[in-house]
Amino acid sequence: MIIKINNLYFSYQGGKQNNQFKLTVDDWGVNKGAFFSLLGPNGSGKSTLLKLILRFIKPARGNIFINGVDIQDYKRKDLAKTIAYVPQKISSAFPYSVYETVMMGRTPYMNFMGFENEEDRRIVKHALEIFEIDHIKHKGINELSGGELQRVMIARAVAQNASIILLDEPNAHLDIEHQVSIYGILNELRIQKQITILTVTHDLNLAGVYSDYISFMVNGRILISGNKKDVLNEKNIKDIFKVNAEVIKYTDDILNVLVKPDKLN
Ligand SMILES: Nc1ncnc2c1ncn2[C@@H]1O[C@H](COP(=O)(O)OP(=O)(O)OP(=O)(O)O)[C@@H](O)[C@H]1O
Ligand SMILES: [Mg+2]
């Protein structure tokens with residue numbers, strides 16, 4: 001397992017003890033080369049779990065291993081070379097250009113002077129091309145549409161050349177064409193470079209088409225995990241999201257989820 005979690009416990013400090021959010025993960029992991037989707041209702045702890053894996057926040061107990069090494073033992077640069085991240089909320093006080101933003105993905109590889117080299121420029125150029133943002137590379141990131149900005153952040157993560165990419169609702173602002181093309185590009189990268197993808201999404205269809213493993217998170221716990229074809233079913237969707245759905249199985253690999261409004265039942 002490329003990501004492995006044991007006996008993890010976390011709670012946000014502050015706030016009233018009785019309504020404080022708590023996250024508990026006893027034993028969970030992600031296989032190398034997987035396309036893994038983390039699903040669950042709002043506030044269930046998905047983003048928090050990603051932030052724990054990224055070492056942005058520190059657990060009160062337990063361990064997270066990346067490639068068998070506890071993340072607490074990683075040097076900051078080495079962790080940045082291993083895990084790239086596309087955040088759910090993108091904020092920047094400073095209007096960097098698209099080009100500069102994607103180039104930031106190369107930071108862990110630069111020397112202490114922060115100079116980019118030919119290879120960095122080549123990798124950034126390629127990322128700008130595959131995510132179709134080359135034509136806006138001189139624009140400020142505060143001058144982009146939601147979907148353009150999302151593609152910039154995914155391009156930055158890919159330029160980082162990490163073996164694991166964590167994405168927090170990467171499709172939230174994308175039109176359908178770009179949802180399909182970006183999930184397709186990520187899947188190609190996974191196959192070609194054996195990278196591991198862990199994505200949080202509310203889109204059950206995209207999870208049904210692209211991922212191979214799925215975990216459902218509820219109230220700070222991972223309740224169900226497994227192969228997509230075994231866990232993405234009507235019962236689990238009903239139990240977790242309280243909606244009726246029909247899961248259409250084209251093949252074991254391609255599932256389509258049709259959510260049905262109550263009126264139809
Ligand atoms: N910095 C913080 N301080 C205190 N509580 C927080 C903080 N960030 C998140 N929370 C709380 O922790 C819980 C889990 O939040 P988290 O962002 O992990 O949920 P999520 O599953 O990603 O939800 P969503 O689908 O809405 O993005 C929520 O109840 C939230 O209010
Ligand atoms: Mg979230």
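How many bridges join strand β6 (residues 83–86) to β7, and in which sense do the two strands run? The number of bridges is 4, and β6 and β7 run parallel. The model described in this report is predicted.

## Overall architecture

The protein contains 9 helices and 12 strands. Its C-alpha atoms occupy a box of roughly 60 × 40 × 35 Å along the principal axes. A compact globule of 265 residues would have a radius of gyration near 18 Å, and the value of 19 Å for the protein agrees with this.

Of the 265 residues, 36% are buried. When contacts between residues at least 6 apart in sequence are considered, 66% of them join residues at least 24 apart.

Strand β7 spans residues 164–168, and because 5 of its 5 residues are buried, the strand is largely enclosed by the rest of the structure. In a regular strand, side chains alternate between the two faces of the sheet. In β7, both faces are covered: I164, L166 and D168 are buried on one side, and I165 and L167 are buried on the other.

In soluble globular proteins, nonpolar side chains tend to be buried together. Here the largest nonpolar core comprises 68 residues, and the members that touch the most others are V102, A127, A155, I164, I165 and L166. Helix α5 (residues 146–159) makes the greatest contribution to this core, with 7 residues.

Which residues does V102 touch, leaving aside those up to four places away in sequence? Its contacts are V124, A127, L128, V152, A155, R156 and A159.

## Loop residues with positive phi

R55 lies in the loop between α1 (46–53) and β4 (61–66). Its phi is near 70°, a positive value in a residue other than glycine. R55 counts as partly exposed because it has 16 C-beta neighbours inside 10 Å.

Q194 also has a positive phi, of about 60°, although it is not a glycine. This residue is located in the loop between α6 (176–193) and β8 (196–200). Is Q194 buried or exposed? With 11 C-beta neighbours inside 10 Å, Q194 counts as exposed.

## The loop around K32

K32 is placed in the loop between β2 (22–30) and β3 (35–39). Because K32 has 13 C-beta neighbours inside 10 Å, it counts as partly exposed. Leaving aside residues up to four places away in sequence, K32 touches I2, Q194 and T196; Q194 is the residue with a positive phi of about 60° described above.

K32 and I254 are separated by 222 residues in sequence, and their C-alpha atoms are 21 Å apart in space.

Notes. Residues are numbered from 1 along each chain as its sequence is written. Chains are lettered from A and ligands numbered from 1 in the order in which they are written. This is a predicted model: local features need pLDDT of at least 70, side-chain atom pairs count only at pLDDT 80 or more; totals for chains, interfaces and linings use all residues. A nonpolar core is a set of buried Ala, Val, Leu, Ile, Met, Phe, Trp, Tyr and Cys residues joined through C-beta atoms within 7 Å. A residue is buried if 20 or more other C-beta atoms lie within 10 Å of its own, exposed if 12 or fewer, and partly exposed in between; C-beta atoms are placed from the backbone. Two residues are in contact if their C-beta atoms, placed from the backbone, lie within 7 Å. The radius of gyration is taken over C-alpha atoms; the globule rule is 2.2 Å times the number of residues to the power 0.38. Two strands pair if DSSP finds at least two bridges between them.
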